[in-house]
Amino acid sequence: MPSARRILFAFFAFFAAETAVNADVVIGRGSEIVLPANAAYATRLAAEELNFFLKGVLGEALPVVAQRTEGKTAIVLGGVQDRGGLATPQDRDGYVIEAAENVVRIFGNDDDVTDVDATAALPDEAIWQPCFRRGTLFGVYAFLERFAGVRMYFPGELGTCVPRAERIAVPEGRIEESPAFSVRRYGYEDGKVAPEILAGMSETDFKRLNWYRLRMETYHLRCCHGAKTHCLSPETWDAIYTNACAVIGGALGDRALPSETPVFDAMPKDGLTWARHCNCEWCMENVPFSKYDIGFATDLVWRRTAEIAGRIKAKFPHARVSQMSYIPYARIPTNEIPDNVDVFVARRGPWAEGTAIGVREKGEVAAWHAKLGRKVSLWNYPDKVDCWNLEMKDIPQLAPRAWSAYYRAVAPHVTGAIAESESDRWIYNYLNYYVFSRVCWNPDSDVEAILAEHHRLMFGASAEEMAEFFDTLEKCWMKVVAKPYDTPLGPGVCEAPMKEELQGKIYSPEVLARLKFLVSSASSKVAEGSVEARRIALFRREYLEPLCRR
């Protein structure tokens, strides 16, 4: 059954479409943006993005003022405004859009940031994934999408669709929305951005802007081999507990709670397998190393996690511990897991769709939910499947339907996901990311409608040809990853096709000829030099030509 929030959203979307002519609030070139002089950084960023797109829609930017002008239609940004203060949403990433009395108000939880590059604040985090609350910005993007028809597939003219209009009509009412997933992260070495789509930006700025516009997470829940050891001896874990207390105590400072809950990452060092294990006397006597059992350390690791979580809870009641269900401790443990442990489940994810392993792994996610009595987070591997040594570069890993199907299926059991999406070219993932963002906010999102709209808006008269082009590439890629298998080294591996199968069957001469025909036919249907023609040329250069050169 859809939630009340979803019903409210659907009502407003329908109402906006059906009654736009009679809307009570009409934003036009004579309107203004109200931004308090003391607005937080995140609110100022929302104003910049709003005006950037309004200039594209209306033909000119709106004046930005600190106080509303009497009688003018206004978009008022931020939670403390001219009617005495508005309560921000309880959800960290939620936003509100209110339209009444010639005013549209957009507000959410916003942080003041002095150094965006430092806001990830965790080792090895990408600086293009900053962590700060920006609810008003999320509301601005939702406003532009719903009422102005803007679509942001990737930054720059080639990836952004901005329809021109004389006015933006907004019906009276209130929309309040928050994401279904609190954990919403993609990336991790996800490839170079082609110079022609950087549009003068640095790669960091480009990726950061895309991160903002897809409304990704504003807080990183750390869970990535934080214990930094393979040893499971009691003495080692006593030392880990001492270190955890120092880390958490430093975060808490003088007993005052920090703005974010401190989390200790208790996950052992990567590679705790029969081939790369601890050789200390205790581990050699007590850890049942096995070449064949991919869960041999399950009970030992989870007992250590439970022990350290209990000790941390006694000393720091507000702190949390993170731990991953990961080979070789990926099974459901027999012991109880304290309620201050945030569990990540590492599984292949979208690339296992349509396989027996995919069915099994979705069942394991549900079983973890049942075991804990609370939802888990995911760490998935929709990447180049550990096959760099098999020359998988220059093959588009485009499969938005697989991303949608997987995350829709697991949505009842998870708080979200980290999609580890390594690639050689960033553009291979852009549509995967876009669909992922839609599902993260609303798991009921219709992927077929999203893709049909994408093809129509991006390619105009060539939508049919480009739809077949994208569909063919997705079908081919899912054949590439059709044989996942379990390994002691981790869950993100498949049996990659040999060169003969890859070039002779999956990307056969007939398939490549059809792709070339589709792109040529698409080019012939659009005006030379048009934005649609330049987009088709981009995908010819970035998707088709590298594939044909292999």
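Six strands form an open sheet in the order β3-β2-β4-β6-β5-β10, with mixed pairing. Here strands (E, at least two residues) and helices (H or I, at least four) are DSSP runs, numbered from the N terminus, and two strands pair if DSSP finds at least two bridges between them. The edge strands, each pairing on one side only, are β3 (64-65) and β10 (173-177). The model is a predicted one: local features need pLDDT of at least 70, side-chain atom pairs count only at pLDDT 80 or more, and totals for chains, interfaces and linings use all residues. Residues are numbered from 1 along each chain as its sequence is written, and side-chain values use heavy atoms, with hydrogens and water left out.

Within the sheet, β5 (residues 95-100) pairs with β6 (residues 103-108) in the antiparallel sense over six bridges. Tyr95 has Gly108 in β6 as its bridge partner. Helix α3 (residues 135-148) packs on the sheet and touches β4 (74-77), β5, β6 and β10, where contact means heavy atoms within 4.5 Å. The direction of α3 makes about 55° with that of β5; axes are lines fitted to C-alpha atoms, for helices over the stretch in contact, and angles run from 0 to 180 degrees between N-to-C directions.

Helix α2 (residues 41-58) packs with α3 at an angle of about 20°, their axes being 8 Å apart. The two helices α2 and α3 are therefore roughly parallel to each other, a term for angles under 35 degrees. Residues of α2 that meet α3 include Leu50 and Phe53, and among their counterparts in α3 are Val140 and Leu144.

Definitions and conventions:
Angles under 35 degrees count as roughly parallel, over 145 as roughly antiparallel, 65 to 115 as roughly perpendicular and the rest as oblique.
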